[in-house]
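Work through the exercises below with the sequence and the structure in view, and try each task before reading its solution.

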Amino acid sequence: MREYYNIELKFKDNNISKENFLAHLYISDEKMYFQIIDNNETSLIDRQFSMSKKSLGLFEDNFEIVNSEIPLLFDQSRIYKIRSFENDIQNKYFTIYVSKIALVFSNSHKERINEGKAYLSSNGLKIVNTFYSFFTNFKDKNEFSISRMNEMQNFYKAQQLTFRPELEFSNNEKRGSNEFTIKKIPTLNYKFINNDFHQVKKTIQIICNFISLCYGVKVIFESLTYRTEDKIFIYRDTSPNNKTFVSDFATIFTHLEKNYRIEKILKSNWYDNYIKEEKKFNKAIENYLHSREVDLSASFLLLFNIIEVFNIKQEIEKFEFNESKQIQFEKAFEEILISLKRKEDIELLRDKWNGIINKIELKPFKSPLEQTLILNNINTLDFGYSFNKLKKTRDKLTHGSVNSINEQSLKSQMYCLRNVSLRLILANLGFMNDLKNVT
């Protein structure tokens, strides 16, 4: 890939400048940035841009690409850093760093049509390694080889996309050298049918979320290749806020009877259930993973919020009365009238009475959060605490009464809530009937 690409752009805010500017776009695995050239010695556009309201917003809200020597696709690309004017031998420029860009090339050789590969973050290596045998190359240490585990040879399905975790290998071999080092790179290898770039990227993100849930560690894809018959997309995400979650594995498989291994659960219909409530699962899984990285109080609140995420909507129900209902209500009203001191208040009381009757007819709501757990066959007592106890702790933490809770008790409740929230996610993903009985 070239050192940089020539781009002509302009500010959307004409108060900064109405001119077009030449910029150099630099792209690497670690960072992507535009060096915007302005050789006017008195120019203050770097300062004016930095002080504008949208300067740390989306790239496309700030700039318009007038001309580019290569097609670019900005995917909610955010400007996260700005450096003031600097000088090199030829030009004076200021720099803006951006988070997400796809370069679009021509697929001139018509290779690997409708295929692609997502390159995962460091946590992904821990997971992809589990798809490979520990006993590869066990006999001959002088021969490099690595093979997949049994039953992990096939691709897994996510609607119109099939995928499987794979290791890619790079090396630093040089001509004439006696030794070289091989580096393992975690990837998701995929094939697709009739999916555009955005749909594929969204599907890969959901797969990463689900695999993250399975192993209890955050996995993201940092770059992505996508090939059609005519085009090749090379996408990178260098966002500085890509979280590095450092917890050890905490797999979900001990909760399941049938889908007790990764290759089994990936063959289930988890994806179809996920996309029906995508926002809920994104939030719940993010909460679950984040809860493993923060202190006890914050962790408890994040986990309890998962129950709120899946909170059921209760329908209004009414009591069933026989035909004497109106007569009995009228008798009750007459009894109350007897105690009224001022007769001129009778009509005011009747208006209030009609409202009271309407409320009496409605059945009281049960605790929606507790009902959510019951409907998903989850009993918090199986893990040591009643729901009311957990809710009281949540209320204390919400109102800042942290010191009123014994630390050991909070840890024990955390254990309970972590299991409850995880099983709730699994139940909504379609595994309610596969959850193990707690003994």
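**Exercise 1.** Find which residues of α7 meet which residues of α8, and describe how the two helices are arranged.

*Solution.* Begin with the contact, meaning heavy atoms within 4.5 Å: on the α7 side K280, K283, A284, N287, Y288 and H290 take part, and they meet L302, L303, N305, I306 and V309 of α8. By class, these contact residues comprise six nonpolar, three polar and two charged. This is a predicted model, in which local features need pLDDT of at least 70 and side-chain atom pairs count only at pLDDT 80 or more, while totals for chains, interfaces and linings use all residues. Residues are numbered from 1 along each chain as its sequence is written, and side-chain values use heavy atoms, with hydrogens and water left out.

Next, take the geometry: α7 (residues 278–290) packs against α8 (residues 296–309) at an angle of about 165°, and their axes are 8 Å apart. Therefore α7 is roughly antiparallel to α8, a term for angles over 145 degrees.

**Exercise 2.** Which residues line the largest cavity, and which element gives the most to its lining?

*Solution.* A cavity is a set of points on a 1 Å grid where a 1.4 Å probe fits but cannot get out, and its lining residues have an atom within 4 Å of a point. The largest cavity, with a volume of about 50 Å³, is lined by L120, G124, I127, V128, P165, L188, C208, I211 and V219. Among the elements, α3 gives the most, with three residues.

Definitions and conventions:
Axes fitted to C-alpha atoms, helices over the stretch in contact; angles between N-to-C directions. Helix = DSSP H or I, 4+ residues; strand = E, 2+ residues; numbered from the N terminus. Parallel < 35°, antiparallel > 145°, perpendicular 65-115°, else oblique. Nonpolar A, V, L, I, M, F, W, Y, C, P; charged D, E, K, R; others polar. 1 Å grid on protein atoms, 1.4 Å probe; cavity = no way out; pocket = protein on both sides within 12 Å on 5 of 7 lines; lining within 4 Å. Points joined across faces, edges and corners; volume = space filled by probe spheres on them.
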